[in-house]
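Student: I have a chain open here and want to go through it with you. Can we start with its surface?

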Amino acid sequence: MTIADPELSRLLIQELERHLVTLEVQPRDETSAQRAIHALRGSAGLAGERELAAALERINRRIREGDRGAFDEAATLVRTAVERLTSGETAVEAQWPVPPD
């Protein structure tokens, strides 16, 4: 699914770029990074980017469970989402299981 409203797409890209700085800064402020992931999850959902919202929720859950490597994955995910949205694609490519033959 692509975002039908170009203004909504532009706002989501701006929000992703703004929070990406928080996710990439070193040393990382983990509390701020968690807040950024939470905010982006909500923004993605409001923009109709369900796959991105779901991926950010999975990352958020891993962080709450103590997986600190998930912060780097969040930064990569957000960076990729910005690139895809800027080129007119969905933020995250849907990954459906391949049905058996």
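Tutor: The chain exposes about 6,300 Å², and carbon and sulfur atoms supply 53% of that area. Accessible areas come from the Shrake-Rupley method with a 1.4 Å probe; for residues, only the protein chains shown count as cover. This is a predicted model, in which local features need pLDDT of at least 70, side-chain atom pairs count only at pLDDT 80 or more, and totals for chains, interfaces and linings use all residues. Residues are numbered from 1 along each chain as its sequence is written, and side-chain values use heavy atoms, with hydrogens and water left out.

Student: What share of the residues is buried?

Tutor: Buried residues make up 39% of the 101 in the chain. Buried means under 20% relative accessible area, exposed means over 50%, and partly exposed is in between (1.4 Å probe, protein chains only).

Student: How many helices and strands are there?

Tutor: The chain has four helices and zero strands, in the order α-α-α-α along the sequence. Helices (H or I, at least four residues) and strands (E, at least two) are DSSP runs, numbered from the N terminus.

Student: Which residues have the most contacts inside the largest nonpolar core?

Tutor: Leu16, Leu23, Ile37 and Leu52, in a core of 28 residues. A nonpolar core here is a set of buried Ala, Val, Leu, Ile, Met, Phe, Trp, Tyr and Cys residues joined through side-chain atoms within 4.5 Å. The elements giving two or more residues to this core are α1 (6-24), α2 (30-46), α3 (50-64) and α4 (70-86).

Student: Which of them gives the most?

Tutor: α4, with nine residues.

Student: Back to Ile37. What does Ile37 touch?

Tutor: Leaving out residues up to four places away in sequence, Ile37 touches Leu23, Leu56, Ile59, Asn60, Ile63, Phe71 and Ala74. Contact means heavy atoms within 4.5 Å.

Student: And across the chain, how many contacts join residues at least 24 apart?

Tutor: The figure is 58% of the contacts between residues at least 6 apart in sequence.

Student: Why does Glu51 count as partly exposed?

Tutor: Because its relative accessibility is 30%. Gln14 also counts as partly exposed, at 41%.

Student: New topic. Where is the cis peptide bond?

Tutor: It joins Gln26 and Pro27, with omega at about -5°. Pro27 is in the loop between α1 and α2. Val25 is in the loop between α1 and α2 as well, and is partly exposed because its relative accessibility is 41%.

Student: Last one, overall dimensions. What is the radius of gyration?

Tutor: The chain has 14 Å, which agrees with the value near 13 Å that a compact globule of 101 residues would have. The radius is taken over C-alpha atoms, and the globule rule is 2.2 Å times the number of residues to the power 0.38. Along the principal axes, the C-alpha atoms fill a box of roughly 40 × 40 × 20 Å.
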